[in-house]
Amino acid sequence: MEEEVAERLQQAVEVVAEMQLTAEQLKTGLRALPASLGALFPKDSGLQIAADIRDTAKRYSGDLRNRAAVELPLLPFSSELQAQAACDVRNARYNRRLQAVVDELGAEGASSSMSSTSSLPDRLNQAEKVAGKFVARRIKPALQRAREKELGQVLSESGQYLRGLWARLNGSGGRRP
């Protein structure tokens, strides 16, 4: 019984932490998008499409932050601070895995500048830069592939993915094995 309770607590922390992390990743990804994003789409609607993409990502990021803020105090910890600490520990594990990927990708000096002797703002700024580069490296090929497809198909696929992401983060999506 205690094992089941511990597992459910871990799952709850995982969901709230993932909401927080995804909101931050969306925000970082938006900053990493090139100003010329609209040029990737047809000339007559490119700027509007780019604005729609940015607005949608901002809306989802805000929705995730708001939902995490509602859910965090509901976690069964003695204080909201402890609940946030549990989420931070989970996200720190994720960030260590991300750092391994960044190191593998050969990010310039990322591991040395992320040392524990740096101040928190410096580490956060460096982590944001590294995450931005990582996102940019992942988004650029996806945008290139999107350019080769019909606009309607790209928007439909993106919408389906974001709806599925929202459903999974809110616990209404099916689990994948």
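Me: Happy to start with the rings: how many aromatic pairs does the structure hold?
Reply: This is a predicted model, in which local features need pLDDT of at least 70 and side-chain atom pairs count only at pLDDT 80 or more, while totals for chains, interfaces and linings use all residues. Residues are numbered from 1 along each chain as its sequence is written, and side-chain values use heavy atoms, with hydrogens and water left out. Rings of Phe, Tyr and Trp (its six-membered ring) pair if their centres lie within 6.5 Å, where planes under 30 degrees apart count as stacked, over 60 as edge-to-face and the rest as tilted. By that rule, the number of aromatic pairs in the structure is zero.

Me: Which residue lies over the face of Y60?
Reply: A charge sits over a ring if NZ of Lys or CZ of Arg is within 6 Å of the ring centre and within 35 degrees of the ring normal. At 5.3 Å from the ring centre of Y60, the residue over its face is R59.

Me: How many helices does the secondary structure of the protein come to?
Reply: Helices (H or I, at least four residues) and strands (E, at least two) are DSSP runs, numbered from the N terminus. From that end on, the elements run α-α-α-α-α-α. There are zero strands, and the count of helices is six.

Me: What percentage of the 177 residues of the protein count as buried?
Reply: Buried means under 20% relative accessible area, exposed over 50%, and partly exposed in between (1.4 Å probe, protein chains only). In α2, the buried residues include G46, I49, A50 and Y60, and in α1 they include V13, V16, Q20 and L21. Over the 177 residues of the protein, the buried share is 28%.

Me: How far apart are the end C-alpha atoms of α1?
Reply: The expected span of a helix is 1.5 Å times one less than its number of residues. The 31 residues of α1 should therefore span 45 Å, and the model agrees, with its end C-alpha atoms at a separation of 44 Å.

Me: With which side chain does the side chain of Q20 make a polar contact?
Reply: Q20 is found in helix α1 and is buried, because its relative accessible area is 18%. A polar contact is a pair of N or O atoms within 3.5 Å; within protein, one must be able to donate a hydrogen and the other to accept it, and residues adjacent in sequence count only if both atoms are side-chain atoms. At 2.9 Å, the partner of Q20 is Q84.

Me: Which side chain is joined to R90 by a polar contact of 2.6 Å?
Reply: R90 sits in helix α3 (residues 80-105) and counts as buried because its relative accessible area is 6%. Contact means heavy atoms within 4.5 Å, and, leaving out residues up to four places away in sequence, R90 touches V13, E14, A17, E18 and L21. The polar contact of 2.6 Å joins its side chain to that of N91.
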